[in-house]
Amino acid sequence: MPEPTRWWSRFKDVTAFWRAPVIAGVVTGVGAWLVWYFTKVPCIMENSAAGLCNPGVLASYINLPALASCLAIGGGFATFAGGYNIIMLNKERQRADDAEARLQAERERNDQEREKREREDERQRERYERLMDEFLEERRQANEDRRQYVATQQAMMNTLAEINATLVRLAEQQQNGHRANGD
């Protein structure tokens with residue numbers, strides 16, 4: 001069962017599209033009837049004697065078959081115009097449904113592209129973080145190596161200074177020993 005708002009919307013659409021054709025058909029039929037009603041049967045001798053003659057110009061052309069034809073034309077016009085309006089309404093609904101379907105497909109495609117970009121961005125972010133972690137680890141390792149190098153170099157300098165001091169002492173002792181022997 002269709003929901004009430006959809007049913008009411010369709011009812012309003014049908015009423016709006018049939019209003020003008022029905023009014024046109026009714027006006028055509030009423031107009032033809034009024035012409036027939038206010039004109040009398042053709043003015044012939046018998047009708048003239050009975051007082052049924054109407055001297056109007058249209059009186060000889062309007063009769064019951066003419067009225068039926070007028071009503072049929074009015075009804076046909078109403079049916080044709082209303083049917084045409086319904087066809088156009090259905091085509092317009094189809095176009096609107098197609099446009100809505102295209103819009104939905106475009107939204108879904110945009111959502112898929114956005115999700116794809118987000119996944120790519122997430123991968124790039126993870127790659128960036130991994131590279132940054134590797135860089136920081138290498139930098140920490142380089143700083144550690146540099147610290148160890150500086151410590152090793154300092155130890156070597158200290159060792160060289162001690163060796164130099166030892167050599168200086170030995171040289172002094174040797175010179176002191178030569179002086180003592182050579183004097």
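**Ground rules**

This is a predicted model, in which local features need pLDDT of at least 70 and side-chain atom pairs count only at pLDDT 80 or more, while totals for chains, interfaces and linings use all residues. Residues are numbered from 1 along each chain as its sequence is written, and side-chain values use heavy atoms, with hydrogens and water left out.

**The overall picture**

The protein chain has 3 helices and 0 strands. Here helices (H or I, at least four residues) and strands (E, at least two) are DSSP runs, numbered from the N terminus.

How much of the protein chain is buried? Of its 183 residues, 8% count as buried. Buried means under 20% relative accessible area, exposed means over 50%, and partly exposed lies in between (1.4 Å probe, protein chains only).

The accessible surface of the protein chain is about 15,300 Å², and 60% of it belongs to carbon and sulfur atoms. Such areas come from the Shrake-Rupley method with a 1.4 Å probe; for residues, only the protein chains shown count as cover.

Contacts (heavy atoms within 4.5 Å) tell us about sequence distance too. Among the contacts in the protein chain with a separation of 6 or more, 64% are between residues 24 or more positions apart.

Gly 29 is found in helix α1, which covers residues 4-38. With 5% relative accessibility, Gly 29 counts as buried. Gly 29 and Cys 70 are 41 residues apart in sequence, yet their C-alpha atoms are 5.9 Å apart in space.

Leu 34 also lies in helix α1, but this residue is partly exposed, with a relative accessible area of 37%. Together with Val 22, Val 26, Val 30 and Trp 33, Leu 34 makes a nonpolar surface patch of about 410 Å². Patches are made of residues with over 30% relative accessible area and no salt bridge; like charges are joined within 9 Å, and nonpolar side chains (Val, Leu, Ile, Met, Phe, Trp, Tyr) within 5 Å.

A search of the whole structure finds 9 salt bridges. A salt bridge is a side-chain nitrogen of Lys or Arg within 4 Å of a carboxyl oxygen of Asp or Glu. The table shows some of these pairs.

| Salt bridge | N to O distance |
|---|---|
| Glu 92 and Arg 95 | 3.2 Å |
| Arg 109 and Glu 106 | 2.4 Å |
| Arg 109 and Glu 113 | 2.6 Å |

How are Glu 92 and Arg 95 placed in helix α3? They are 3 residues apart in this helix (residues 64-182), so about one helical turn separates them. Glu 92 is partly exposed, at 44% relative accessible area, and Arg 95 is partly exposed at 48%.

Arg 109 and Glu 106 are likewise in helix α3, 3 residues and about one turn apart. In the other direction, Arg 109 and Glu 113 are 4 residues apart in helix α3, so they too are separated by about one helical turn. Salt bridges that share partners join Glu 106, Arg 109 and Glu 113 into one network. Arg 109 is partly exposed, at 38% relative accessibility. Glu 106 is partly exposed at 33%, and Glu 113 is partly exposed at 33%.
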